[in-house]
Amino acid sequence: MPTKQRKSFDPSPEQQALLPDVSGNSLNGVGEKSVRRPTPVYWHKPDTIPHGPAQAWMTEKFNAVPDFRTIYATPDARGPRKLDAVADEQAEDLAENWSQWVKSVVLENEGDLVGITALRTEWVFEGFDLSKELPWLVVIGIAMDFDEFSAAPSSDTDTRSALEVADKYNQGARCAAHLSNWIRGQGFNAKPHAGPWAGSITLSPAAIEAGLGELGDHGNLINDQYGSCFRLAAVSTDLPLVSDKPKQFGVDDYCMRCEACNNACPAGAISTEKQWVRGVEKYYVDFDKCLPYFNETHGCGICLGVCPWSRPGVADKLVTKLAKQRQQND
Ligand code: B12
Ligand code: SF4
Ligand code: SF4
């Protein structure tokens with residue numbers, strides 16, 4: 001069988017000059033069989049990461065487009081800048097009831113998906129003080145508009161996909177701030193986590209544990225309702241809660257037969273093979289190939305847009321079809 005020609009992308013000389021010698025794949029721990037905390041690789045303070053100059057270049061290009069310039073800076077677009085003080089007196093209730101309350105607050109305040117998990121050390125980026133992390137994570141999913149998001153990639157003149165991403169980051173920030181203040185009002189500590197910055201926690205494994213979806217070949221979550229057309233935010237807290245369970249509905253089997261993201265990636269960054277990364281064998285996206293294209297298209301996102309699960313109305317039909325197939329095979 002002829003070997004499939006992987007696509008590749010040559011970064012502009014301007015960006016090439018800013019990319020570091022160190023590979024992002026090495027920083028991410030590709031090939032490592034032991035579990036360890038992730039190294040900050042991108043969307044951290046530029047002077048703390050090797051890819052900082054390329055990140056600063058990307059951000060400058062983004063902010064130069066009039067449509068983008070104000071989206072993160074508009075007052076209140078991301079909710080209150082200062083959190084409320086933690087109430088002096090702690091309200092009392094059972095963890096089961098708090099969990100229900102927390103979920104209602106998310107769903108009534110712009111959240112589309114919600115799940116709970118206990119925070120794990122191996123999700124906290126190296127260099128962040130673990131003693132400051134709170135034991136529970138409420139993971140929030142924000143659905144994106146499929147037509148806007150799947151217009152990816154963006155350019156200086158077609159800004160639809162990148163604007164949709166930024167708008168939904170803001171929505172996630174508002175929802176996380178609202179929940180944090182609600183929890184603080186009950187007398188417990190709570191801290192919001194919202195993009196585009198990475199913050200202290202890798203949100204994807206937490207979201208998988210909290211039941212928001214499975215990891216697809218494109219390296220991101222697939223949810224049984226929104227496919228991959230959603231973003232994540234979270235709130236960490238010491239309010240006593242109950243963990244949800246991971247959900248499996250057939251993504252792994254489906255990805256083995258579908259190569260849509262792999263074929264569509266202009267940078268050839270997606271492989272159909274799983275790899276060992278920091279002690280877990282999983283789908284992995286080649287950082288060194290993805291990043292230059294991402295940086296030149298205001299955040300790319302083609303792979304998630306072409307994923308069949310992301311198209312409105314498809315995910316729940318696929319879940320039913322895959323469940324039937326599994327029953328027939330049993
Ligand atoms: C840095 C970052 C990037 C980097 C590269 C990340 C990388 N893989 O090296 C760049 C800038 C290239 C990038 C690109 C994109 N990103 Co991004 N990214 C992040 C960010 C800020 C941190 C993740 C990180 O540091 N990864 C580096 C290491 C940890 O990567 P890794 O070992 O390969 O692990 C990845 C997954 O395997 C999973 N993971 C980590 N540990 C474990 C453990 C287990 C057991 C499993 C199963 C999975 C898993 O999480 C990691 C996600 O990158 C997160 C937000 C956050 N705080 O988590 C968003 C995030 C992952 N990105 C997101 C998205 C949507 C994108 C884009 C589509 C851009 C866009 N237009 O929206 C592309 C897709 C590229 C791709 N196919 O992966 C979403 C995913 C939402 C979803 N539905 O799952 C997140 C969660 C942002 C958000 N708040 O919504 N991203
Ligand atoms: S965002 Fe997805 S499609 Fe775009 S370069 Fe990265 S892996 Fe490829
Ligand atoms: S496009 Fe296909 S192979 Fe890629 S993540 Fe989606 S279902 Fe899996």
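**Strand pairs, sheet and ligand shells**

Modeller: Ile270 stands opposite Val285 in β8. Helices here are DSSP runs of H or I of at least four residues and strands are runs of E of at least two, numbered from the N terminus; two strands pair if DSSP finds at least two bridges between them. This is a predicted model, in which local features need pLDDT of at least 70 and side-chain atom pairs count only at pLDDT 80 or more, while totals for chains, interfaces and linings use all residues. Residues are numbered from 1 along each chain as its sequence is written, and chains are lettered from A and ligands numbered from 1 in the order in which they are written.

Biologist: Over how many bridges do strand β7 and strand β8 pair?

Modeller: Strand β7 covers residues 270-277 and strand β8 covers residues 280-285. Their hairpin has 2 residues between the strands, and Arg278 takes a positive phi near 45 degrees there. The two strands pair in the antiparallel sense, and the number of bridges is 5.

Biologist: Which element gives the largest share of the shell around ligand 2?

Modeller: A residue belongs to such a shell if its C-beta atom, placed from the backbone, lies within 6 Å of the molecule. Around ligand 2 these residues include Ile270 and Val285, together with Cys265, Cys290, Cys300 and Cys303. Two or more residues come from each of α11 (287-296) and α12 (302-306). The largest share, 3 residues, is that of α11.

Biologist: How many residues of the shell around ligand 2 are nonpolar?

Modeller: Ala, Val, Leu, Ile, Met, Phe, Trp, Tyr, Cys and Pro count as nonpolar, Asp, Glu, Lys and Arg as charged, and the others, Gly among them, as polar. On that division the shell around ligand 2 has no charged residue and 1 polar residue. The nonpolar residues number 11.

Biologist: Which residues come nearest to ligand 3?

Modeller: The shell around ligand 3 divides into 9 nonpolar, 2 polar and 2 charged residues. At least two residues are supplied by each of α9 (251-257) and α10 (260-264). Of the 13 residues around this ligand, those that come nearest are Gly216, Cys255, Cys258, Cys261 and Cys307.

Biologist: In what order do the 4 strands of the open sheet lie?

Modeller: Strands of a sheet pair through backbone hydrogen bonds, either parallel or antiparallel. In this open sheet the pairing is antiparallel, and the order is β1-β2-β6-β3. The edge strands, each pairing on one side only, are β1 (113-118) and β3 (190-194).

Biologist: Which residue of β2 stands opposite Val114?

Modeller: β1 pairs with strand β2, residues 136-143, in the antiparallel sense over 6 bridges. Opposite Val114 stands Ile140.

Biologist: At what angle does helix α7 run to β3?

Modeller: Axes are lines fitted to C-alpha atoms, for helices over the stretch in contact, and angles run from 0 to 180 degrees between N-to-C directions; contact requires C-beta atoms, placed from the backbone, within 7 Å. Helix α5 (residues 95-108) packs on the sheet, touching β1 and β2, and its direction makes about 145 degrees with that of β1. Helix α7 (residues 160-185) lies across β2, β3 and β6 (230-237), and its angle to β3 is about 175 degrees.

Biologist: Is Asp76 buried or exposed?

Modeller: A residue is buried if 20 or more other C-beta atoms, placed from the backbone, lie within 10 Å of its own, exposed if 12 or fewer, and partly exposed in between. Asp76 is found in the loop between α4 (66-69) and α5, and has a positive phi of about 70 degrees although it is not a glycine. Because 9 other C-beta atoms lie within 10 Å, Asp76 is exposed.

Notes:
Two residues are in contact if their C-beta atoms, placed from the backbone, lie within 7 Å.
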